[in-house]
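I opened the model to look up a few local features and to write down what I found.

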Amino acid sequence: MKTFFRLVCLLACSAPAFVSASESPEAVRPSVPAGLEKAVRLSDGKVGFFVLDLDSGASAGWGDEGMYPMMSVFKFPLALSVLSRVDEGKLDMDAKYRVAGKDLDPKTWSPMREKFPQGGMFTLRELLRYSVAESDNNACDFLFGLIGGPAAAQADLKKWGVEDISIRVLEGVMQDDWNAIYLNAARPSAMAGLLKLFADGKILREATNRELWEMMAGCKTGTDRLVQGMPAGAVLAHKTGSSGVRKDGLVGAFNDVGIAVLPDGRRLAICAFVSDSRRPVKECAAVIASLARWACSEWRAPEKKE
């Protein structure tokens, strides 16, 4: 597994590389499609992008030598950690938990709080759905409390053989300290690798895997990002992440990662991270949509050599 995570494009953003599963980075240096390069340049920030064909193992990337702030993208590995405990019998999807109104931060993104400002009783399944499908920050931090905090999720990543994904702080910490958004970070290829483990059923049992897939396929956020780059008939299970805009106009992070099942049967893990951009968020979203469009409609995995 470690070999897979190291098989990536190792060039600076000014010189992208495209890598197949059967060839070294040094051997594969074709010209960059104009559409992809144009999309990256328009971000006016740092772009980390990785697409992985889940069946052939071929991949392509841009800026993959860096770690990018995940924001709510980290709710995907959190969900894996929670559901792995369901599989182990430590947690129950139908168990109910009381979430007190006083514990619901009014300053953060929370559809759950908007609907239940006084708090209430929620099943684990409901809390997961709020966290994954609606990116609820209060639900997220409650779930972290059930498993032992960010350190427990980080330990799970290590157990699963995943490197270059760092989970260190809660949503509440990032809400109070802008600089903390950079502490939860990921390398695009590492996130693609985690998506592959999920897609291949290497972490969760079939039932819990299916529940998480359905939550991600029902994601209600980021309809202007990867979704916009999907061809007609494609299915996308994904998780978004956004930092918001700092007072000086800086967009710290604007992301989307997921698995696309295309009409022709291809399965692609697509990870797009835009950070430290001064473009409007609408333009950051357009960059991600363009990257997804390129991955699904223009990129073709190199045929394996005999």
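The entries below go from the whole chain to single strands, loops and a pocket.

**Basis.** I am working with a predicted model, in which local features need pLDDT of at least 70 and side-chain atom pairs count only at pLDDT 80 or more, while totals for chains, interfaces and linings use all residues. Residues are numbered from 1 along each chain as its sequence is written, and side-chain values use heavy atoms, with hydrogens and water left out.

**Whole chain.** I looked up the secondary structure and found eleven helices and eleven strands in the protein chain. These are DSSP runs numbered from the N terminus, helices being H or I of at least four residues and strands E of at least two. The chain has 306 residues, and 55% of them count as buried. Buried means under 20% relative accessible area, exposed over 50%, and partly exposed in between, with a 1.4 Å probe and protein chains only. I noted an accessible surface of about 13200 Å², 51% of it belonging to carbon and sulfur atoms; the areas come from the Shrake-Rupley method with a 1.4 Å probe, and for residues only the protein chains shown count as cover. I then took the contacts (heavy atoms within 4.5 Å). Of those between residues at least 6 apart in sequence, 68% join residues at least 24 apart.

**Arg85.** I found Arg85 in helix H3, residues 75-87. Is Arg85 buried or exposed? Arg85 counts as buried, because its relative accessibility is 14%. Its side chain reaches the backbone oxygen of Ser81 at 2.9 Å. Beyond its neighbours within four places in sequence, I listed Lys90, Leu91, Ile147, Ala152 and Asp156 as contacts of Arg85.

I checked strand S2 (residues 46-53) against S3 and found antiparallel pairing over four bridges; two strands pair if DSSP finds at least two bridges between them. Trp62 in S3 is the bridge partner of Phe49. Five residues lie between the strands of this hairpin, and Gly57 there has a positive phi near 85°. In a regular strand the side chains alternate between the two faces of the sheet. From S3 (residues 59-62), Ser59 and Gly61 point one way, Ala60 and Trp62 the other, and all are buried.

**Three-strand sheet.** I traced an open sheet in the order S4-S8-S7, paired antiparallel. Its edge strands, each pairing on one side only, are S4 (68-69) and S7 (165-166). S7 and S8 (residues 185-186) are joined by two bridges, and Ser166 stands opposite Ala185 in S8.

**Positive phi.** Most residues other than glycine have a negative phi. I noted Met71, in the loop between S4 and H3, with a phi near 50°. Met71 is buried, because its relative accessible area is 7%. Asp164 has a phi near 65° and sits in the loop between helix H7 (150-159) and S7. At a relative accessible area of 25%, Asp164 is partly exposed.

**Largest pocket.** I read a volume of about 430 Å³ for the largest pocket. Of its 23 lining residues, Met71, Asn137, Ser242, Ser243 and Gly244 are the closest to its centre. Helix H8 (171-176) and strand S9 (235-242) each supply at least two lining residues, and H8 gives the most, with four. A pocket here is an open set of points on a 1 Å grid over the protein atoms alone, where a 1.4 Å probe fits, with protein on both sides within 12 Å along at least five of seven lines; lining residues have an atom within 4 Å of a point. The volume is the space filled by probe spheres set on the points, which are joined across faces, edges and corners.

Technical notes. A polar contact is a pair of N or O atoms within 3.5 Å; within protein, one must be able to donate a hydrogen and the other to accept it, and residues adjacent in sequence count only if both atoms are side-chain atoms.
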